[in-house]
Amino acid sequence: MEQLRIVVGSDKAGYQHKEALAADLRSSAAVSSVTDVGVDAHGDVVYPQVALMAARLVGVGEADRALLVCHTGLGVAIAANKVRGIRAVTAHDPLSVRHAVLHNNAQILALGQGVIGIGLARELVQQWLTYRFETTSSAAAKIAVITDFENRHGGCHAH
């Protein structure tokens, strides 16, 4: 299986999980590189800035996936999804993580430090690394509908 280039990021509320998970990713044989877009231990950067920076790196092909952490995982996912072509999901259980990649071709996994402990977060990230979207699956046609809408309407409101 091809190694992945991963971007990690968090706000202050996700900093501890982000640091532990980034260390795990750096030592994983499934990962070729880890780019940390923030925050550091003293950082006051707000989560949308971190999520948008990570999503842009994935969107332009400088990274394959991103792992984002905030208090719930919700805010970073919402922000990342504003970048064209990005599919970010918040997931806190194995089935959701699996389906996020296999069925939804999500490139970004968002976790909530205030929602799950570091042990479960580590398990989910390790599983996440093993999944690849199958472009010939029945799910690919569904993702194509989303991509087509985004390309034609630029993320505008559906009418």
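Predicted model: local features only at pLDDT ≥ 70, side-chain atom pairs only at ≥ 80, totals over all residues.
The model contains an open sheet of 5 strands. Their order is β2-β1-β3-β5-β4, and the pairing is parallel. Strands β2 and β4 (88-90) stand at the edges. Each has a single partner strand, so one side of each is left without a neighbour in the sheet. From one strand to the next, the twist averages 20°.

Strand β1 (residues 4-10) is joined to strand β2 (residues 31-36) by 5 bridges, and the two run parallel. The chain passes from β1 to β2 through helix α1 (residues 15-26). This β-α-β crossover is right-handed. Within the pair, V7 has T35 of β2 as its bridge partner.

Strand β1 is also joined to strand β3 (residues 65-70). Again the strands run parallel, with 5 bridges between them. I6 stands opposite R65 in β3. S10 has V69 of β3 as its bridge partner. V69 also stands opposite L111 in β5. Strands β3 and β5 run parallel and are joined by 5 bridges.

Strand β3 is mostly covered, with 6 of its 6 residues buried. In a regular strand, side chains alternate between the two faces of the sheet. In β3, R65, L67 and V69 point one way. A66, L68 and C70 point the other way. Residues of both sets are buried, that is, under 20% relative accessible area.

Helix α5 (residues 118-130) lies across β1, β2, β3 and β5 (108-112). Helix α5 runs at about 165° to β3.

Key:
Residues numbered from 1 in each chain as written. Heavy atoms only, no water. Pairing = 2+ DSSP bridges. Helix = DSSP H or I, 4+ residues; strand = E, 2+ residues; numbered from the N terminus. Right-handed = clockwise from strand over helix to strand, strands pointing away. Axes fitted to C-alpha atoms, helices over the stretch in contact; angles between N-to-C directions. Contact = heavy atoms within 4.5 Å. Buried < 20%, exposed > 50% of the residue type's maximum accessible area, 1.4 Å probe, protein only.
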